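Look at the structure first, then read the points below.

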Amino acid sequence: MKEIILNQLSANLPDVNVVVSEFSDELTIQVHKKDIVDVCKLLKNDEKLKFIICEDVTAIDWARKQNRFTVVYHIFSLKNKFRLVVKADVDESECKIDTVSSVWRAANWHEREVYDMYGIKFNQHPDLRRMYMPEEFDYHPLRKDFPVIGIEGSLPLPKK
Amino acid sequence: MEYLEKDEVHPKIIEALLKAEGGVQLDDALENEMILNMGPQHPATHGVLRLVLRLDGETITACVPELGYLHRGYEKMAENMSYYEFIPHTDRLDYLAPLCNNVGWVLAVEKLAGIEAPPRAQYIRMMISELSRIASHLVAVGSMAMDVGALTVLLWTLREREKILDIWDILCGARFTNSYTRIGGVANDLQPEAKAKVEWFINQFDENLDECEKLLNTNKIFIDRLDGVGVISGEDALDLGMTGPSLRGSGIDYDIRRYQPYMFYNEMDFKIPTYTEGDCLARYFVRIDEMRESAKIVRQILSKMPNGDIRVNQPKKVLPYKHEVYSKMEELIHDFMIVNFGINPPVGEVYHAVENPKGELGFYFVSKGEGHPWKCKIRSPSFNNLQSVPKLVKGYMVSDVVAIVGSIDPVMGEADK
């Protein structure tokens, strides 16, 4: 399966640089964030691959200077019974990545959640609101610099 | 009466609701559209789900679900506690099937740490997963029937569920928030009393389920309120990220027990019930059929259950038995180290999904080799299934919303995390 995915990627998108890694039978491909939509479209629509289920979109905060965040996509192919992890690095200075909600509608809410929790903006997202926290909230709670105990006064309490 | 101020209804919510077509006029009540706020405190929304509906007469033209009223920040908490410490918190995700969440969590951690539980423990885990599935579906069917007006069924299904809770009482000492699994095994062995009770329950269950089903399948009001309501095609359901019985009601046989078998599900003989109609009634039938299949699996598990250990012997990763901790030096040291510093799985990333009663529950860990995960993501089925609500309710009546929400069976504990 690994060969088929890499062959299809290199045949159809020769300009895209793909870094492959494996851990505990899980295949991960890392791409540049400008290519993410093209790669996802190919993975979904290619006849041999058909990754039609977008299981999860999330991000990792590495708490480092360069490429602070990594956006992670878990996609599943019903045809091949195979799960693939797609990753793209996002830097804090340009905290944006293109949305894949045009490829899988399921990504819509996941991306809203990532925006809410990490503050990564998704370009051309149809409805980029916060998922869980109130709109007035100024912070992004799953960032590593947000304290577990919370920030006093960050959430407005109801009036008596 | 206190009126809401302008700032208190956030304009972005209203904006999202009106985005489809602009211009609501508020001159004549009969000729105009209306915005209705359903929830978060509404008995038929199964918890604290808030739906903001845009109505034309009584027909829904748009819907915006608002989540977050039960957001407890479990992903943030998981980053600050060891893998063992989080097991009780998984009970509070899908609180109708806590044991399924326990199993999902420990399987993901075991995959990350490279542990495999002994066969007896795996069989016990499968048994509790299937019984939890039955318990969860019983509540789902009963409460959906109650939402559309058939109150008796809830009492009957809860009676059956109570028997399963009694099994939990014997098996793990708690009826509701069980925290029964451990990394590398389960907390204690399956007692003969518990096994006898499971056998007794499974033998009388089919007959009692038939009784419940008779109340519904010949009930004209129940059928009329669900038939052809909330229709979604298989492609749409997949694209919107639906999983579990809600997806299988649309004709897609995606079930992780079949597509990526974990534990010993590949040795079990069971069917994946699917219906092609994609309406609320199909989702109800899928749940009823799944309960029968789960009962079938439990029967096979009981006949095949091997003897042996219930925890794998890996002292650095797996908690020792309590009587050994009190009598042996080595075990005491390991117990101390695991409880205080965690199990330190290798550096890596793992995603493991299990088939929960509501759909696919996945845990994604990023480990830096420390006792606590660097990142933990909970991929909850209810969250994804709720995403399809705007599509499902469009064009139906307000009273159908109750049936539709009941038919996709969301649990806000896991949708909000």
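Rings of Phe, Tyr and Trp (its six-membered ring) pair if their centres lie within 6.5 Å; planes under 30 degrees apart count as stacked, over 60 as edge-to-face and the rest as tilted. This is a predicted model, in which local features need pLDDT of at least 70, side-chain atom pairs count only at pLDDT 80 or more, and totals for chains, interfaces and linings use all residues. Residues are numbered from 1 along each chain as its sequence is written, chains are lettered from A and ligands numbered from 1 in the order in which they are written, and side-chain values use heavy atoms, without hydrogens and water.

**Aromatic cluster and pairs**

- One aromatic cluster is formed by Tyr74(B), Tyr83(B), Phe86(B), Trp105(B), Phe363(B) and Phe365(B).
- Over all chains, the structure holds 20 aromatic pairs.
- Among them, Tyr74(B) and Phe86(B) are edge-to-face, with 5.8 Å centre to centre and 85° between the planes.
- Tyr275(B) and Phe285(B) form a stacked pair, at 5.7 Å centre to centre and 25° between the planes.

**Burial** (buried means under 20% relative accessible area, exposed over 50%, partly exposed in between; 1.4 Å probe, protein chains only)

- Tyr74(B) counts as buried at 5% relative accessibility, and Phe86(B) counts as buried at 1%.
- Tyr275(B) is partly exposed, with a relative accessible area of 23%.

**Charges over rings** (NZ of Lys or CZ of Arg within 6 Å of the ring centre and within 35 degrees of the ring normal)

- Lys368(B) has its charged end over the ring of Trp374(B), 3.9 Å from the ring's centre.
- Lys417(B) lies over the face of Phe383(B), 5.3 Å from the ring centre.
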